[in-house]
Amino acid sequence: MNKSSAERRIKELRASLEHHRVLYHVHDTPKISDEAYDSLLRELESLEKKFPEFDSPLSPTHRIGGEILPHFKKVTHTVSQWSFDNVFNLEELRKWEDRNITLLEKAHITIKPSYVAEIKIDGLKVVLTYEKGKFVRGATRGDGQIGEDITENLKTVKSIPLVLKDAVSMTVIGEAWMKKKDLEKINKEREKNKLPLYANTRNFTAGTLRQLDPKVVAKRNIQIFAYDIEGLSIETQEKELVLLEEYGFLVNKDRSVCTTLDDVEKFYKKWVNKRHNENYGIDGLVIKINERTLWDTLGYTAKSPRGGIAYKFPAEEVATKLLAITVQVGRTGAITPVAELSPVLLAGSTVKRATLHNGDEINRLDVRVGDTVALRKAGDVIPEIFDVFKDLRPKNAKVFIMPKNCPSCGSVLEKIIIGKELSAALYCRNKNCPAQHVEGLIHFVSKKGMNIEGLGEKIVETFHDLGLINDFPSIFTLKKEDIEGLEGFGEKSADNIITSIDGARKVPLHRFVYALGIRHVGEQTAKDIAKHFRSLARIQDATFDELSSVEGVGEKVGKEVNTYFSLPETKQLLKRLCKEITLLDEEILPDGKLFNKLFVITGTLPTLSRDEAKVLIEKNGGRVQTSVSTRTSYLLAGENAGSKLTDAEKIGTVIITEDELKSML
Ligand code: ZN
């Protein structure tokens, strides 16, 4: 091959390799196999060796990483790398818009801004400089003014081009990240080799890009989402993103052009729910004014450009201080240690307490009073402490020892046998324990039980301490005169309480069974029992065998229920109670269209809430379970269905939509 045909072939090969890089790494639609790609690459490599005058440091053959560097040089950014201010809710976001509009009006600009909402990836910001269409420098953000030159490492990242189709000079800003899956794989490997694990993908990405050996970086599947161009004047943010795609950068497709903040809020809500399903860490959205010309007019705050803002997701993990550990006596006598925390905002609400479950859990965490702890909440789960920052432990931090005696009645605490196993929790076995009584009463009047709204926890406690109520029937014999004149109660509040109690005298059987607070009988089990027996008398007469064969009950619960109803004191109690209340027939059609069908609900349904769907299914004789098993008849799936959908697909459960459910009725 002569020189000129070699030069031509090299050009063709580079263009073809770039084309296939874009198909594979930007659009995720490879058209040729890895082997075919490699053979093109090898051909190019051998030509470059033979004709070194045509070799280029930006050739795709140099993406495998070059020499180990002695250190990273510092680079001064040509444009300061600001970061956006944060807002945490729609109200703050509206304030941001209001301020901007005021500033624009002052400048006699009447254009109403529109917005581009982009996903905020939890990664490492990188600054990529191109001169006359060639990648010349890649740097970390650093302090915003000076970063580290990591050009050699970034050249190995296949989601960015090294040579552009046009000879433009510009700076491209992007976020480097890696897939959660890839980190899991690496951590599994490290665990096997007893090496410390990486905490999250962000740390791992940052650590990787600061490797002095580019060959290591080349092996680690780092990706970059490009999201900004500096140095070219482009009308809108939307067009900037499209241009980046055209230049062969990977741009996140999940973005939304919004005319109003209400549209932004819709997109935000969708992503708050979806954030965990994605293969990368997401910590919020970035909202940018689409009209880039407005950015110059708006200028900067002390720290950030006003044209954009980070709309953060509520934190689901926070650190706070453990002030004390108290113990709570539950209605069944179970003793639960509770962490009293320095109040902290978590997933949108203030948290002051978290359960520590039992003494074993305290020992496992080695958590001490005075420690700084990591708190988390995922979905509807109650907040829990999952880690302790031992390096922050003060010298006087105290080891907590579970009490030997009940804090309420002083009885000796012990573990009990549940089923065939010894309980993890300690129990107070005293049936007359005041704390257990109060908890039992609180449960009895609770929303899912008798639903006596006027009797809040504090009032129940007060009335119990004053001897006004000491068991369930005594609630219904309360008189207005008993309450009126008590400290903090006037005629009106006394009236309200009595009205509220009277309003609760008629109650569906399943709510009554739940309200009794029988151990292991939750809302669903109470429904199962009520639906099966359909009257209190029949439940009372049921044998252990009959009870444990009820769908959804089983032996362990059957035994508890059977024991509870056989006790003479239960019989006494129910006799008195039934004089005061009327049990309503179950709202269940025994031959309903969904009779004996088991459902699991997941995701967001188009019109019904999950609770509404549940009521609809139950009214027609079906049952709703919390997790998919081989016995599940249908998975009712909406948008953003998670692991339950995967489970159902694995087992082969029939998956239906809300419409299909409705057509079954
Ligand atoms: Zn006790």
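At 31% relative accessibility, H520 counts as partly exposed, since the partly exposed class lies between the 20% limit for buried and the 50% limit for exposed. The model is a predicted one. H520 sits in the loop between helix 17 (509–515) and helix 18 (523–533). Its phi is near 70 degrees, a positive value in a residue other than glycine.

H357 also has a positive phi, of about 65 degrees, and is not a glycine. This residue belongs to the loop that runs between strand 14 (349–355) and helix 11 (359–365). With a relative accessible area of 38%, H357 is partly exposed.

## Domain layout

The domain assignment divides the protein into domain 1 (3–64), domain 2 (86–312), domain 3 (317–399), domain 4 (434–504), domain 5 (508–584) and domain 6 (598–664). Taken over C-alpha atoms, the centres of domain 1 and domain 3 are separated by 57 Å.

## The sheet 5-4-7-8

An open sheet is formed by 4 strands in the order 5-4-7-8, with antiparallel pairing. Strand 5 (134–140) and strand 8 (223–230) are at the edges; each has a single partner strand, so one side of each is left without a neighbour in the sheet. From one strand to the next, the twist averages 30 degrees.

Strand 4 (residues 124–131) and strand 7 (residues 170–177) run antiparallel and are joined by 7 bridges. Within this pairing, K125 stands opposite E175 in strand 7. Helix 8 (residues 237–246) packs on the sheet, where it touches strand 7 and strand 8. The direction of helix 8 makes about 130 degrees with that of strand 8.

Is strand 16 (residues 372–376) largely enclosed or largely open? Of its 5 residues, 4 are buried, so the strand is largely enclosed by the rest of the structure.

Strand 16 pairs with strand 12 (residues 317–329) in the antiparallel sense, over 5 bridges. In that pairing, T320 has V373 of strand 16 as its bridge partner. Strand 16 is also joined to strand 17 (residues 384–388) by 4 bridges, and these two strands run antiparallel. Here the bridge partner of A374 is D387, in strand 17.

## The zinc site

Which residues coordinate the zinc ion? The donors are the SG atoms of C406, C409, C428 and C433, at 2.2 to 2.4 Å. Along the chain these donors follow the spacing C-x2-C-x18-C-x4-C.

The 4 donor atoms subtend angles of 97 to 114 degrees around the zinc ion, which makes the arrangement tetrahedral. That class requires all angles to lie between 85 and 135 degrees. For four tetrahedral donors, the ideal angle at a metal is 109.5 degrees.

C406 is buried, with a relative accessible area of 4%. C409, at 27% relative accessibility, counts as partly exposed.

Conventions:
Residues are numbered from 1 along each chain as its sequence is written. This is a predicted model: local features need pLDDT of at least 70, side-chain atom pairs count only at pLDDT 80 or more; totals for chains, interfaces and linings use all residues. Side-chain values use heavy atoms; hydrogens and water are left out. Buried means under 20% relative accessible area, exposed over 50%, partly exposed in between (1.4 Å probe, protein chains only). Two strands pair if DSSP finds at least two bridges between them. Donors are N, O and S atoms within 2.8 Å of the metal (3.2 Å for Na, K and Ca); water is not among the atoms, so sites may look incomplete. Four donors count as tetrahedral if all angles lie between 85 and 135 degrees; four count as square planar and six as octahedral if opposite donors are over 155 degrees apart and all others between 65 and 115; anything else is irregular. Domain bounds come from an automatic or database domain assignment. Axes are lines fitted to C-alpha atoms, for helices over the stretch in contact, and angles run from 0 to 180 degrees between N-to-C directions. Contact means heavy atoms within 4.5 Å.
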